[in-house]
Amino acid sequence: MDAPHIEIDRLTKRFGAFTAVDDISFTVRAGEVLGFLGPNGAGKSTTMKMLAGFVTPTAGTARIMGEDVVDRPVAAKRHLGFLPEGAPTYPEMTVQGFLRFTARARGYRGTEAGDRVHDAMRATQLEEVRLQPIETLSKGFKRRVGLAQALLHDPPVLVLDEPTDGLDPNQKHEVRNLILRMAPSKAMIISTHILEEVGAVCTRAIVIARGRVVADAAPAELEARGENLDAVFRELTREAA
Ligand SMILES: Nc1ncnc2c1ncn2[C@@H]1O[C@H](COP(=O)(O)OP(=O)(O)OP(=O)(O)O)[C@@H](O)[C@H]1O
């Protein structure tokens, strides 16, 4: 069996005396869409940022396609698309300008760069706003610009921090369909507060509370532990509190 696309081993992050991520280990294989769930402040974003090389771990390791994110950051990032929380940077750039910039940073030139930008805008339905500065877009469109830059190089690993945050129901539906279309060939981690999203797109769910993994199971299996996923989530995260 091939090595997992994502390997997280005993990953820990401390901010001073506070432990935000506490000895987390898990792997994600191609074809898996891992839902990352947990209450506010549980450590989801910090874990994702460590995986993406934005935050340095205090202890433990993270690998993407076998490349250690600390020791081989450029090699690891080549295989990764990352959607951070919030809006993309460079608010004064147009959507197309920002994505062209992203394409160049990813090493594409000429018609190939143009094709990548075009495909990413089509996948995230951004064509109609392509000439608009990012700062003038609504929250949902900004989110989709972030998603477009994450997908542009068609990476085997996608780490998406609340990809549907701020989207209206139609856009949520579109982004979920996009995730499902991409799922078979990629390893994905998606954080969300929308529990119905877990059943809709995830093959597996990890619940994290106070920096620790408190459940790791298929969504249906998790749901079967109680009245519904909502109740199970509350029970799991209350126990850890
Ligand atoms: N740079 C930092 N310095 C100090 N504390 C931090 C820093 N970044 C995050 N934290 C703390 O670490 C904890 C985990 O934060 P994190 O953003 O990972 O949670 P989260 O699970 O993503 O939450 P949410 O669902 O609200 O996005 C929080 O208590 C947060 O205040």
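This is a predicted model: local features need pLDDT of at least 70, side-chain atom pairs count only at pLDDT 80 or more; totals for chains, interfaces and linings use all residues.
A helix's expected span is 1.5 Å times one less than its number of residues. H5 covers residues 139–151, 13 residues in total, and reaches 19 Å from its first C-alpha to its last, close to the 18 Å expected.

**Helix H5 and its surroundings**

H5 is mostly covered, with 10 of its 13 residues buried. Among them are Phe141, the pair Arg143 and Arg144, and Leu151. What do the buried residues of H5 pack against? They meet strands E6 (80–83) and E7 (157–161), plus helices H3 (95–105), H4 (110–123) and H6 (169–182).

**The six-stranded sheet**

Now for the sheets. Six strands line up as E6-E7-E8-E3-E9-E10 in an open sheet with mixed pairing. E6 and strand E10 (212–217) sit at the edges with a single partner strand each, so one side of each has no neighbour in the sheet. From one strand to the next, the twist averages 15°.

At the E10 end, strand E9 (residues 204–209) pairs with E10 in the antiparallel sense over five bridges. Look for Ile206 here: its bridge partner in E10 is Asp216.

Two helices that pack on this sheet are H1 (residues 44–51) and H5. Here is what each one touches, and its angle to one strand:

| Helix | Strands touched | Angle between directions |
|---|---|---|
| H1 | E3 (33–37), E7, E8 (187–191), E9 | about 150° with E7 |
| H5 | E6, E7 | about 170° with E6 |

**The four-stranded sheet**

Another open sheet has four strands in the order E2-E1-E4-E5, and its pairing is antiparallel. Strand E2 (18–28) and strand E5 (67–68) are at the edges; each has a single partner strand, so one side of each is left without a neighbour in the sheet. Strands E1 (residues 6–15) and E4 (residues 59–64) run antiparallel and are joined by five bridges.

**A look at Val201**

Val201 is found in helix H7 (residues 195–201). Is Val201 buried or exposed? The cut-off for buried is 20 or more other C-beta atoms within 10 Å, and Val201 counts as buried because it has 22. Leaving out residues up to four places away in sequence, Val201 touches Val33, Arg176, Ile179, Leu180 and Ile190. Pro219 lies 18 residues from Val201 in sequence, with 9.7 Å between their C-alpha atoms.

Technical notes: Residues are numbered from 1 along each chain as its sequence is written. A residue is buried if 20 or more other C-beta atoms lie within 10 Å of its own, exposed if 12 or fewer, and partly exposed in between; C-beta atoms are placed from the backbone. Two residues are in contact if their C-beta atoms, placed from the backbone, lie within 7 Å. Two strands pair if DSSP finds at least two bridges between them. Axes are lines fitted to C-alpha atoms, for helices over the stretch in contact, and angles run from 0 to 180 degrees between N-to-C directions.
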